[in-house]
Amino acid sequence: MHAFIMAGGKGVRLRPYTTALPKPLVPIGDQHAILEIVMRQLSAAGFNRVTLAIGHLGHIIRAYVGDGSQWGLEVEYAVEESPLGTLGPLVAMRDRLPEHFLVMNGDILTSLDYAALLERHRAAGSPLTIATHNRQVTIDFGVLSTSDGHVTEFREKPSLAYQVSMGVYGLSRETLGSYEPGLPLGFDELVLDLLKQGTPPATYEFDGYWLDIGRPEDYDRANTEFVAHRDLLLGSS
């Protein structure tokens, strides 16, 4: 099984932590880098090959990960000379990818079963399968509905529920066949194209632990919660 990890971003929202370190290598719990946790999880789930898309401070990631043998993985690198978006690096090397594979961001902590997601994707025959998580968002204002200059409804600080993308996907190589290598391609663009074509992505709903470490407050939360969730994320080893 093959996983493609996006690890080339600058991590601007997570500064100053990412001034000297690429975001996937910021430490969690003073012991593990985010990327190390992901690699250990993939190996435990039965994955044997990983491609790392690197760009910003990519030489540090390469020095840390090496050939992946420390986790029982075979690692290769896709180097972004210029930003190619979320999926552009995949298009550039699609001929070297298997028929179905996992794609994920390199800055998430989750107890998601990666192998189960990929198997669901294979079985469903969908062009793209998106792991989703339910998020509650509280609006910090009184929300009004209006018509003809009058208030028709009032809700005080309502809480709205959304299914959000977890940044983990099952993808098929043929889904990328119409895109030109070397040009940027975003995840949003792919999803909108699939909807226009009448071939909507499938979803894989997940209600377990998931945290996207995109902001300083998310990083602080990850460190606070790691001791309690260590066995869930890494097993008892």
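Which side chain meets Arg49 in a salt bridge? The partner of Arg49 is Glu76, at 3.2 Å from N to O. A salt bridge here is a side-chain nitrogen of Lys or Arg within 4 Å of a carboxyl oxygen of Asp or Glu. The pair links distant parts of the chain. Arg49 sits in strand β4 (residues 49-54) and Glu76 in strand β5 (residues 74-79), 27 residues apart. Helices (H or I, at least four residues) and strands (E, at least two) are DSSP runs, numbered from the N terminus.

This is a predicted model, in which local features need pLDDT of at least 70, side-chain atom pairs count only at pLDDT 80 or more, and totals for chains, interfaces and linings use all residues. Residues are numbered from 1 along each chain as its sequence is written, and side-chain values use heavy atoms, with hydrogens and water left out.

Arg49 is partly exposed, at 29% relative accessibility. Buried means under 20% relative accessible area, exposed over 50%, and partly exposed in between (1.4 Å probe, protein chains only). Arg49 and Glu76 also belong to a network of salt bridges that includes Arg96.

Searching the whole structure gives 6 salt bridges. One of them joins Glu36 and Arg40, with the closest N and O atoms 3.5 Å apart. Both lie in helix α1 (residues 34-44), and because they are 4 residues apart, about one helical turn separates them. Glu36 is buried, at 11% relative accessibility. Arg40 is partly exposed, at 23%.

Another salt bridge pairs Arg155 with Glu153, at 3.9 Å from N to O. Arg155 is partly exposed, with a relative accessible area of 35%. Glu153 is partly exposed too, at 41%.
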